[in-house]
Amino acid sequence: MNKVMSNKWMIAIYILPALLLVGILIFIPLILTAYYGLMDWNGIGAMEFIGLENYINAIQDKNFWDSALHSFLLAIFSTLSLAIYLAVSMILASKIKGADFLRKIYLIPMLLSSVAIAQLWIKVFNPTNGILNRILLFFGVEKPPIWLANPDIVLYAIFIPILWQYAGFYILIYYAALKNIPNSLIEAAKIDGASPIQIAYKIKLPLIMGVVKVTIVLAIVGSLKYFDLIYVMTGGGPNGASEVMASYMYKLAFSTNDFGYGSAIGFLLLIITLIVTVIIRRLTANDEEVQY
């Protein structure tokens, strides 16, 4: 085996299939997207080279920057919600009664498709028959909001099912990380008189900080490219109030048949996501390794 692994040609032969697969599935589509962004093209007919015109128009496009702002707001809400998921995970990991049942309940949204979740929450937000407005009417609210038709609140309304959809995913990650902490550390802290909050803040959190940083990156990057549930629930409306970068790109490419401009938006979305990812990785970089 050592003789084989020391042969550069053998190493190249072994990794060649993986490199080809990555090139075909990732790099070629990226290059084609950037290339189509240089064209005036409806997706079917002949392409006309127009240089950087689509990219310049995108940078000057107010709707694009509005959709980018909405995506960043979703990223902020998703990141803040991680604190709630972490708190729930710590409670579940503390051997409370019914923890196994609650952990399975939190995983249910992960089993549902985004379309099913969107249809479920459309019914919840229904202004006349939805359970949310019925509860508000029960508590004396005379004019409950029209959640998905009000431009001022629709964006925050659709954030709720998105955060609900991924709660189980992050809780599962945190729960697994917490269960890997040696119980002897927790018991020693208890003997020293540490309170549950002190144990959580000074022992558990530092020990799983590496996992927390990874989930921050996942939450932000996932939010920037989020699409399906928003598109099903509102289609980016009303009047673009819930438009995000991915839905704006889809609308341009497949609804208005401006495939060249949509490709330019898609490539800019990739660039923005990469820049944000690098910044987050820099901010959360830490060479210190936790030793149990």
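Modeller: Start with the whole chain. Of the 292 residues in the protein, 36% are buried. Keep in mind that this is a predicted model.

Biologist: What makes a residue count as buried?

Modeller: The cut-off is under 20% relative accessible area. Take His70, with a relative accessible area of 10%. That value is under 20%, so His70 is called buried.

Biologist: Where is His70, and which residues does it contact?

Modeller: His70 sits in helix α4. Leaving aside neighbours within four places in sequence, His70 is in contact with Leu155, Phe159, Gly240, Ala241, Ser242, Glu243 and Val244.

Biologist: How far apart are His70 and Leu155, in sequence and in space?

Modeller: In sequence, 85 residues separate them. In space, their C-alpha atoms are 7.6 Å apart.

Biologist: What share of the contacts in the protein joins residues at least 24 apart?

Modeller: The share is 65%, among contacts between residues at least 6 apart in sequence.

Biologist: Now Leu252. Why is Leu252 called buried?

Modeller: Its relative accessible area is 11%. The limit is 20%, and Leu252 is under it, so the label is buried. Leu252 lies in helix α13. Not counting residues up to four places away in sequence, Leu252 touches Asn257, Asp258, Phe259, Tyr261, Gly262 and Ile265.

Biologist: Asn257 is on that list. Is Asn257 buried, exposed or partly exposed?

Modeller: Asn257 has 44% relative accessibility. Buried needs under 20% and exposed needs over 50%. The value falls in between, so Asn257 counts as partly exposed. Asn257 lies in the loop between α13 and α14 (259-284).

Biologist: And why is Asn239 called exposed?

Modeller: Asn239 has a relative accessible area of 80%. That is over 50%, so Asn239 is exposed. Asn239 lies in the loop between α12 and α13.

Biologist: Which peptide bond is cis, and what is its omega?

Modeller: The bond joining Gly237 and Pro238 is cis, with omega at about -5°. Pro238 is in the loop between α12 (228-233) and α13 (245-255).

Biologist: Let us move to the core. What makes a set of residues a nonpolar core?

Modeller: The members must be buried residues of the listed nonpolar kinds, joined through side-chain atoms within 4.5 Å. The largest such core has 25 residues. Leu82, Tyr85, Tyr170, Tyr174, Leu178, Ile181 and Ile208 touch the most other members. Two or more residues come from each of α4 (62-92), α8 (154-179), α9 (183-191), α10 (196-207) and α11 (209-224). The biggest contribution, eight residues, is from α8.

Biologist: Which residues does Tyr170 touch?

Modeller: Beyond four places in sequence, Tyr170 touches Leu82, Tyr85, Ser89, Thr215, Leu218 and Ala219. Another core, of 22 residues, lies apart from the largest one. Its members include Phe64, Ala75, Tyr261 and Val276.

Biologist: How much space lies in the largest pocket, and which residues are closest to its centre?

Modeller: The space is about 420 Å³. The lining has 18 residues, and Ala93, Ser94, Ile186, Lys190 and Lys204 are the closest to the centre. The largest share of the lining, five residues, comes from α10.

Biologist: How does the lining divide by class?

Modeller: Eleven residues are nonpolar, two are polar and five are charged. Lysine counts as charged, so Lys190 and Lys204 belong to that class.

Biologist: What does the UniProt record say about residues 69-280?

Modeller: An unreviewed UniProt entry annotates them as "domain: ABC transmembrane type-1". In the model, that span is 75% helix and 0% strand. Residues 72-93 are 95% helix, with end C-alpha atoms 31 Å apart. Residues 153-177 are 96% helix, and their end C-alpha atoms lie 36 Å apart.

Methods
Residues are numbered from 1 along each chain as its sequence is written. This is a predicted model: local features need pLDDT of at least 70, side-chain atom pairs count only at pLDDT 80 or more; totals for chains, interfaces and linings use all residues. Side-chain values use heavy atoms; hydrogens and water are left out. Buried means under 20% relative accessible area, exposed over 50%, partly exposed in between (1.4 Å probe, protein chains only). Helices (H or I, at least four residues) and strands (E, at least two) are DSSP runs, numbered from the N terminus. Contact means heavy atoms within 4.5 Å. On a 1 Å grid over the protein atoms alone, a cavity is a set of points where a 1.4 Å probe fits but cannot get out, and a pocket is an open set with protein on both sides within 12 Å along at least five of seven lines; lining residues have an atom within 4 Å of a point. Grid points are joined across faces, edges and corners, and a volume is the space filled by probe spheres set on the points. UniProt positions are given in the numbering used here, feature names are shortened, and annotations may be inferred rather than shown by experiment.
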